[in-house]
Amino acid sequence: MPAAPPPLDPTVPAIARTWPVGVRPSVVRGWEPPATTYGRGHRGVDLTATPGTPVRAVAPGRVSFAGRVAGKGVISVELTETGAPPLRTTYEPVSPSLKKGDEVEAGEVVGTVEAGGSHCTTRCMHWGLLRGETYLDPLKLLPPWLLNRGPSRLLPVLDAPLL
């Protein structure tokens, strides 16, 4: 009897350098892993985004898919140096501005949010993360400084000499 393949690495390195939309969008619906392979769940996160909002690659990689799936625009990016199989981010509904095989840098625009095609009750973009066929929580790509960063504030400098 053949040996079972080794399990995929479920770890997600915090390599993102930007949010896929906006500066710090609200999470409309979080990641809810299914109990079984085909069970109910939410295989990604939904972020607030209006149609026309630029969608950015969260980390460097290569476009592995750009097209339509079930009537929705989708773009997927395989992330550089994330193991075998590599981590892959997905964004939908998105009108892709790149094609399969294009290299992307973190923060580079890969498309724009499409009007319609979203499964949200409000305007949003779905952001997914996979390793092979295993879905993972895409928010884990965000390092703490990006995930929890509040707005910058300038404070007065006390006891500084006036020049």
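**View 1. Ser26 and the residues it meets.** Ser26 touches Asp46, Leu47 and Thr48, leaving out residues up to four places away in sequence; contact here means heavy atoms within 4.5 Å. The model you are looking at is predicted: local features need pLDDT of at least 70, side-chain atom pairs count only at pLDDT 80 or more, and totals for chains, interfaces and linings use all residues. Residues are numbered from 1 along each chain as its sequence is written, and side-chain values use heavy atoms, with hydrogens and water left out. Ser26 sits in the segment before strand S1 (27–29). Strands (E, at least two residues) and helices (H or I, at least four) are DSSP runs, numbered from the N terminus. Ser26 counts as partly exposed because its relative accessibility is 44%; buried means under 20% relative accessible area, exposed over 50%, and partly exposed in between (1.4 Å probe, protein chains only). Along the sequence, Ser26 and Cys124 are 98 residues apart, yet their C-alpha atoms are 9.4 Å apart in space.

View 2. Strands of a sheet pair through backbone hydrogen bonds, either parallel or antiparallel. Two strands count as a pair if DSSP finds at least two bridges between them. S1 and S2 run antiparallel and are joined by 2 bridges. Look for Arg29, whose bridge partner in S2 is Asp46. S2 also runs antiparallel to S10, with 4 bridges between them. Here Val45 stands opposite Trp127 in S10.

**View 3. An open sheet of 3 strands.** Follow the order S3-S9-S7, with antiparallel pairing. Which strands stand at the edges? They are S3 (54–56) and S7 (94–96), each with a single partner strand, so one side of each is left without a neighbour in the sheet. On average, neighbouring strands of this sheet are turned by 40 degrees against each other, direction ignored. For such angles, axes are lines fitted to C-alpha atoms (for helices over the stretch in contact), and angles run from 0 to 180 degrees between N-to-C directions. S7 and S9 pair over 3 bridges in the antiparallel sense, and Val94 stands opposite Val113 in S9.

**View 4. Inside the largest nonpolar core.** A nonpolar core is a set of buried Ala, Val, Leu, Ile, Met, Phe, Trp, Tyr and Cys residues joined through side-chain atoms within 4.5 Å. The largest one has 30 residues, and Val55, Tyr91, Met125, Trp127 and Leu141 touch the most other members. Among the elements giving two or more residues to this core are strands S5 (72–79), S6 (87–92) and S10 (124–131). Beyond its neighbours within four places in sequence, Leu141 is in contact with residues including Val12, Ile15, Leu79, Leu87 and Trp127.

**View 5. Salt bridges to spot.** The whole structure holds 5 salt bridges, each a side-chain nitrogen of Lys or Arg within 4 Å of a carboxyl oxygen of Asp or Glu. Glu32 and Arg29 form one of them, with their closest N and O atoms 3.1 Å apart. Another links Arg62 and Glu103 (2.4 Å, N to O). Arg62 lies in strand S4 (61–69) and Glu103 in strand S8 (103–104), so this pair ties together parts 41 residues apart in sequence. Arg68 and Glu114 form a salt bridge too, at 2.9 Å between the closest N and O atoms.
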